[in-house]
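Trainee: I am new to this structure and would like to learn how to read its salt bridges. Could you take me through them slowly?

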Amino acid sequence: MASYAQALFIAIPFFILLMFVEIGYGILKKRQTYSVVDTISSLSSGITNSIKNLLGLGLIILSYPYLFEKLALFQLEDQWWVWALAFVFIDFAGYWSHRISHSINLFWNDHIIHHSSENYNLACALRQPISDLLRYYPLLLLPAAIVGVPHHIIAFIAPIHLFLQFWYHTVHIGKLGFLEYIIITPSQHRVHHAINAPYIDKNLGQIFSVWDRIFGTFQEELEDEVPQYGVLKPVRTWNPIRINFLHLWQLAKDAYRAQSFWDKLRIWLMPTGWRPADVAKKYPLSLIEDVYGFERYDTRTSVNFQIYAVFQMVSVLGLFLMMIYGFENLSSSEILLFSLYLGVSIYGYSDLLDLRFSGFVIELIRTGFGLWLLGNLEHWEGLYNLFVPFHTVLVGYLIVTLVGTIYVTSVEFPKSKSVLV
């Protein structure tokens, strides 16, 4: 996990720099694709996903090293073509993992966060899941294991393969000529994120576009069908942790309400969106029918409210970067506690952005949790080596955010819209 932390410490500033470039370009071209609150939600989702990965949360059905040990017919050496072959195997597995996520009810829950933004920009690429706790991905790497691609090559290439999927989340790059036949381009991925009927569940590739063409899921971006973004059952929340479990909660309610025991069982593995007939009739869901005319989610927060939220998100990001910088010097319990604190912080300010009074309660809990942590930071050498007056900074942060929380709930909530409970 230390190597993953180091990669994050390098990648995060680079991603943020590219986002600022895109924002600047959008201003120049008078085509801005960012909103403050949506961007906060996207970045917060990226932080929660990174925390989950650092903690190694999830149940791996069968690990790649185990498959390699049991199934490898050859022992391939570290040669350039083996690395290239590994990249192709990972991309092939990525296509099928992506397709499964779009095809099966249970696994759509793991992927809905990535499609939840109603904007389309580089920030929404960071909307990655924390709910993918059942890890089946190594099973899709069976071909690589059989031919004997070593585990260390797979482990090295996998995060690079993921990071390479960042750049094409933009509306500012048009079609790329002959490259459209080789790699996934911004045009192709705009189609994938769109909720227009011709575009649903299309262009599931990650780096190479050949898999979509071979397996019948390719769709070109059409001039008369401008992509509209989000999900057909809008999430209507800025809270990335809530989004991660919305679909799972809906499945659980539908399973409970179904009269047929068979429906209670099969709903989890049925095609995405399938519901028992009796449940769908009694408890209909509101879905988007007019993709050009639906009301986008907007809590219409004030400038002061947004400044507070930006401060919260930047502070959490800064604390997260400090944690991964000192990752090797922190114990597992310290990492767990600090990660929990960051997660509670994100949940709290995200609920406030939704104008939920629960956010105020969670922020109070976070403040108390932070004060408790202050008494247990004396041996956190990784943080002290980076920034000596860490106690002073954290106390100041807790005071400022507590005052800010009281202000937005007492002053800004009434000026926005009715508070959700």
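Mentor: The term means a side-chain nitrogen of Lys or Arg within 4 Å of a carboxyl oxygen of Asp or Glu. Helices here are DSSP runs (H or I, at least four residues), numbered from the N terminus.

Mentor: Before going on, note that this is a predicted model, in which local features need pLDDT of at least 70 and side-chain atom pairs count only at pLDDT 80 or more, while totals for chains, interfaces and linings use all residues. Residues are numbered from 1 along each chain as its sequence is written, and side-chain values use heavy atoms, with hydrogens and water left out.

Trainee: How many salt bridges does the rule give?

Mentor: The count comes to nine.

Trainee: Is K175 buried, exposed or partly exposed?

Mentor: Buried means under 20% relative accessible area, exposed over 50%, and partly exposed in between (1.4 Å probe, protein chains only). K175, with a relative accessible area of 43%, is partly exposed, and E220 is partly exposed at 43%.

Trainee: Which residue does R366 meet in a salt bridge?

Mentor: R366 meets E363, at 2.9 Å from N to O, and both lie in helix 15 (residues 358-374), three residues apart, about one turn of the helix. Both R366 and E363 are buried.

Methods: Helices (H or I, at least four residues) and strands (E, at least two) are DSSP runs, numbered from the N terminus.
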